[in-house]
Amino acid sequence: MDSRLMDALAGPVPTVDPTSWRAALDDAKSKLAGLAVRRAGATRFRVTDHEVRTAFAADGDDPGGADPFAWTAITARRSVGVAAVRLMVTGAARSPLEAVRHRLAESSRWVRDGSSSASQLDRWLDGLSAAGRAAVGAEAVTWATRLWCALDWSSFPSTPVVGRDHWWDSPHSALLALRGRADVRTATSHLVVLSGPRRGSVRSELALVTLVESLRLRGDEGPGRVVGWWPDSGHLVRVEPEPTTLVLGAEAVELALGGAGTSLRSAA
Amino acid sequence: MVLVAPRPLLGPEPPGDAPADRGTGAEVLALLRGDAAARPRFDPGLAAGLRAWLEDAAYDVVAARGEHAPPLFLGPRQLLGSVEEQGDDDTTSERLLLSRLVHTLLRQLVHTGEIHDPLADALDAVRAGGIGADVRAMEALPVAARTALAETLALHARNLTALVPRFAPGWMPRTNDRVAIPLAGGRIVLHGMFDLVVGLPQPRTASLCALGLSTGGPWAVARRSLHYLSLLETLRSGTPPFRLALLESASGRYGVEDVREEHLRAIASHLAAWLAEGATAHG
């Protein structure tokens with residue numbers, strides 16, 4: 001168990017002045033409305049942490065950003081890994097190895113039974129040989145084990161939600177949607193498992209999670225803290241739910257959509 | 001250094017020696033399990049001390065390279081040398097390819113407990129990994145070279161099958177556990193990858209076992225590489241693995257040893273000296 005990570009997830013979230021929070025949220029909504037209108041007639045655009053990262057690396061130092069997406073053991077590890085951790089949290093599996101095997105078997109079963117639950121990933125997994133599936137499984141087991149071992153799961157007051165991405169659809173345009181990716185969500189925090197090197201875009205990537213949560217919430221609730229965690233190094237980045245985080249998130253969306261994002265471009 | 005298995009740690013002999021000299025997975029497992037009550041507790045200040053030592057050396061390099069130089073990523077190949085990269089280009093790429101394929105088979109063995117057709121399995125795994133260059137390299141091999149590769153790989157697979165313990169899922173076996181430790185605010189990154197780790201991390205108690213796979217390099221370099229990874233784990237989590245196993249797939253031999261503070265200090269000293277040399281070269 002990583003006590004620093006647990007402290008970051010379970011520690012008290014600083015209180016925010018409701019007036020300034022509401023003002024920042026209104027500004028963010030207004031900016032997003034403007035972006036949606038500006039993109040009217042364009043193709044559907046989903047802004048995820050990947051788009052934010054890629055936009056920051058527009059000078060070409062992220063060669064992976066231009067590659068078309070393809071399922072591989074690396075790109076599949078998070079999807080299989082979160083499903084495995086979910087099985088462990090519910091007690092349906094007792095170890096990451098068991099859980100991943102269960103998940104891979106489930107993929108094959110869904111595809112062969114023609115289940116509506118079968119996704120593109122399930123079909124790709126089912127088409128692999130046993131050795132290919134083992135390679136995917138091995139990658140997912142490592143991902144899941146690191147997450148499972150890092151947290152004291154029994155210490156959370158309520159069962160955390162594992163691996164549910166949250167979407168916000170713009171009310172101004174059906175073409176614009178934002179995704180907040182978090183791997184573990186507790187009542188007061190969102191954990192994002194990070195990979196790759198430390199980068200200038202990471203706070204903006206995490207601010208997008210805060211922005212999406214804030215846009216989805218009803219009433220005056222706060223969206224909680226977002227904690228980015230690199231299992232490779234054990235490093236943490238905390239993004240508190242502050243008005244400046246909403247500004248950062250909205251600017252990140254603007255940058256990803258090819259807008260000005262002036263302050264972010266200079267920061268990148 | 002405590003030699004838990006004195007005979008195997010004497011060092012590998014050329015392939016073809018009597019099978020009786022080779023280890024078995026049961027032996028390796030018994031040695032890794034050891035005496036759970038005797039697991040060492042490391043000084044909580046050890047990691048901070050080692051980090052401070054390396055940070056000092058890293059800042060000298062940054063000062064010499066300039067604040068705005070791109071981050072320097074350093075792995076065991078640069079810091080410790082690697083036999084796989086010695087020789088001409090063709091030999092090097094063949095060794096690297098073989099090493100990657102054998103490592104792929106190790107992952108399969110840990111995950112499924114079996115290897116059916118070593119070359120076909122490795123090729124399928126590499127394809128699933130999306131490593132197009134390796135797939136193309138294998139597909140471009142002439143028939144004779146491919147046959148030779150298949151035979152060599154089969155030898156490694158046989159030895160691995162005999163040598164690698166079948167860990168119960170409760171041991172939490174995981175392969176390719178990457179470690180990356182930023183120094184000097186991320187301007188220097190020390191990185192490496194554990195081939196296989198088992199055990200549950202426990203605060204302030206060394207509770208993990210790490211297994212390294214050597215496909216044919218000098219024993220001393222492979223062992224040193226495990227000490228390097230132990231140092232990185234200490235910097236990452238505060239405690240090193242408590243026990244290391246080195247498996248040599250070409251010969252089927254192995255060694256197991258406890259991690260000691262001396263190992264960590266020795267490798268940190270080596271890294272600090274390496275960085276100081278780099279700072280001088282840039283200065």
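A crossing of two helices is called right-handed if the near helix is turned clockwise from the far one by less than a right angle, and left-handed if it is turned anticlockwise. With that convention in hand, α7(A) passes α6(B) in a right-handed crossing. The model described here is predicted, and the account below begins with this meeting of two chains before turning to each chain in turn.

Seen as a whole, the interface brings 34 residues of chain B into contact with 29 residues of chain A. On the side of chain B that touches chain A, at least two residues come from each of α5 (89–112), α6 (118–128), β2 (174–183) and α9 (219–237) of chain B. Strand β2(B) gives the most to this side, supplying nine residues. The make-up of the chain B side is 15 nonpolar, eleven polar and eight charged residues.

Helix α9(B), one of the elements that supply this side of chain B, also packs within its own chain. Its axis and that of helix α3 of chain B (residues 46–65) come within 9 Å and cross at roughly 110 degrees. The two helices, α3(B) and α9(B), are therefore roughly perpendicular to each other, and their crossing is left-handed. From α3(B), the contact draws on Leu46(B), Ala47(B), Leu50(B) and Arg51(B), while α9(B) brings Leu231(B), Thr234(B) and Leu235(B). By class, five of the residues in the contact of α3(B) with α9(B) are nonpolar, one is polar and one is charged.

Strand β5 of chain B (residues 243–248) is joined to β6(B) by six bridges, and the two strands run antiparallel. Within this pairing, Leu244(B) has Glu257(B) of β6(B) as its bridge partner. Four residues lie between the strands of the hairpin, in which Gly252(B) takes a positive phi near 80 degrees. In strand β6 of chain B (residues 253–258), five of the six residues are buried, so this strand is largely enclosed by the rest of the structure.

Turning to chain A, there are ten helices and eight strands. Of its 268 residues, 44% are buried. Among the contacts of chain A with a separation of 6 or more, 69% are between residues 24 or more positions apart.

Five strands of chain A form an open sheet with mixed pairing, in the order β2-β5-β6-β7-β8. Strands β2 (161–162) and β8 (236–239) of chain A stand at the edges of this sheet with a single partner strand each, so one side of each lacks a neighbour in the sheet. Strand β6 (residues 189–193) and strand β7 (residues 225–229) of chain A pair in the parallel sense over five bridges, and Val193(A) stands opposite Trp229(A) in β7(A). Helix α8 of chain A (residues 202–216) lies across β6, β7 and β8 of chain A, and runs at about 45 degrees to β8(A).

The loop between α7 and β2 of chain A contains Ser154(A). Is this residue buried or exposed? A residue counts as exposed if 12 or fewer other C-beta atoms lie within 10 Å of its own; Ser154(A) has 6 and is therefore exposed. Although 65 residues separate Ser154(A) from Val89(A) in sequence, their C-alpha atoms are 9.3 Å apart in space.

Notes
Residues are numbered from 1 along each chain as its sequence is written. Chains are lettered from A and ligands numbered from 1 in the order in which they are written. This is a predicted model: local features need pLDDT of at least 70, side-chain atom pairs count only at pLDDT 80 or more; totals for chains, interfaces and linings use all residues. A residue is buried if 20 or more other C-beta atoms lie within 10 Å of its own, exposed if 12 or fewer, and partly exposed in between; C-beta atoms are placed from the backbone. Two residues are in contact if their C-beta atoms, placed from the backbone, lie within 7 Å. Ala, Val, Leu, Ile, Met, Phe, Trp, Tyr, Cys and Pro count as nonpolar, Asp, Glu, Lys and Arg as charged, and the others, Gly among them, as polar. Two strands pair if DSSP finds at least two bridges between them. Axes are lines fitted to C-alpha atoms, for helices over the stretch in contact, and angles run from 0 to 180 degrees between N-to-C directions. Angles under 35 degrees count as roughly parallel, over 145 as roughly antiparallel, 65 to 115 as roughly perpendicular and the rest as oblique.
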